[in-house]
Amino acid sequence: MLTHNAHEISVALELHGDDMEREVANELNRVSAEIVRRMRDLAPKWRSNLVNSIDRRPDGPLAWTVRPGVEHGLYREKGQRPGKHLPRFFDPAAKPIVDWLASKAFTGLARVRKGTGRFTARELELRDRYMGLSWHVKRKGLRAQPFAEPVALVMERTFPLRMTEFVERLVREANAGRSAGPA
């Protein structure tokens, strides 16, 4: 024999539907914030651009999107197979990588003026380092450091149970005559 509480849910939805929908939306907001925290914990901390870009955006009243906001997030998550190299040194797409290399190569050294011999020497060294990095990516690829997939797998298991328990608690509270707010 099948037992269910559909009549309780229908009565609670009719009486407190707006309150329950608002509370479910708030719970989804909290869950999305938790997902962002977990993804930031697992993300590689390379200059923290990736970590700081992980954000959440509402896609509707009961939907949220959580994703990194930088282009290289996919490459850190999935990695890159050998064979594809970085853009050319003077290509504007290479600027973030060149800036990162300059910050690592010349840490603690004074800046030099453009047009001087020291500036040219630094540019050549920076170009050589960039070409070495490009060669390495082309020959060896990039190692994957997943940060979104592990969180997605955990949430895939726990999210349905968590939301079921939350909605059942709201229904119990609504049927008991209390407000439909969190405990």
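What follows is a look at one arginine, and then at the salt bridges of the structure.

Modeller: Happy to! Please keep in mind that this is a predicted model. Let us start with arginine 76, which sits in helix H3, spanning residues 73-78. Arginine 76 is buried, yet it has no salt bridge. Which side chain of opposite charge is nearest to arginine 76? That is glutamate 77, and it lies 9.3 Å away. A salt bridge here requires a side-chain nitrogen of Lys or Arg within 4 Å of a carboxyl oxygen of Asp or Glu, so glutamate 77, at 9.3 Å, does not provide one for arginine 76.

What does the side chain of arginine 76 have instead? It makes a polar contact with the side chain of glutamine 145, at 2.5 Å.

Now to the charged pairs. Side chains of opposite charge can pair when their charged atoms come close. A search of the whole structure finds seven salt bridges. One of them joins arginine 38 and glutamate 34, with N to O at 2.9 Å. Both residues belong to helix H1 (residues 6-42), where they are four residues apart, about one turn of the helix. Arginine 38 is partly exposed, with a relative accessible area of 31%, whereas glutamate 34 is buried, at 15%. This pair is also part of a network of salt bridges that links Glu27, Arg30, Glu34, Arg38 and Arg162.

In helix H4 (residues 95-105), aspartate 99 and lysine 95 are likewise four residues apart, or about one helical turn. Their closest N and O atoms are 2.9 Å apart, forming a salt bridge. Aspartate 99 is partly exposed, its relative accessible area being 35%.

Helix H5 (residues 117-140) holds another such pair: glutamate 125 and arginine 129 are separated by four residues, about one helical turn. Their side chains meet in a salt bridge, again with 2.9 Å from N to O. Glutamate 125 counts as partly exposed at 34% relative accessibility, and arginine 129 also counts as partly exposed, at 40%.

To return to your arginine: arginine 76 is buried without a salt bridge, and its side chain has a polar contact with glutamine 145.

How values were computed. Residues numbered from 1 in each chain as written. Predicted model: local features only at pLDDT ≥ 70, side-chain atom pairs only at ≥ 80, totals over all residues. Heavy atoms only, no water. Helix = DSSP H or I, 4+ residues; strand = E, 2+ residues; numbered from the N terminus. Buried < 20%, exposed > 50% of the residue type's maximum accessible area, 1.4 Å probe, protein only. Lys, Arg positive; Asp, Glu negative; His and termini not counted. Polar contact = N/O pair within 3.5 Å; in protein donor to acceptor, adjacent residues only side chain to side chain.
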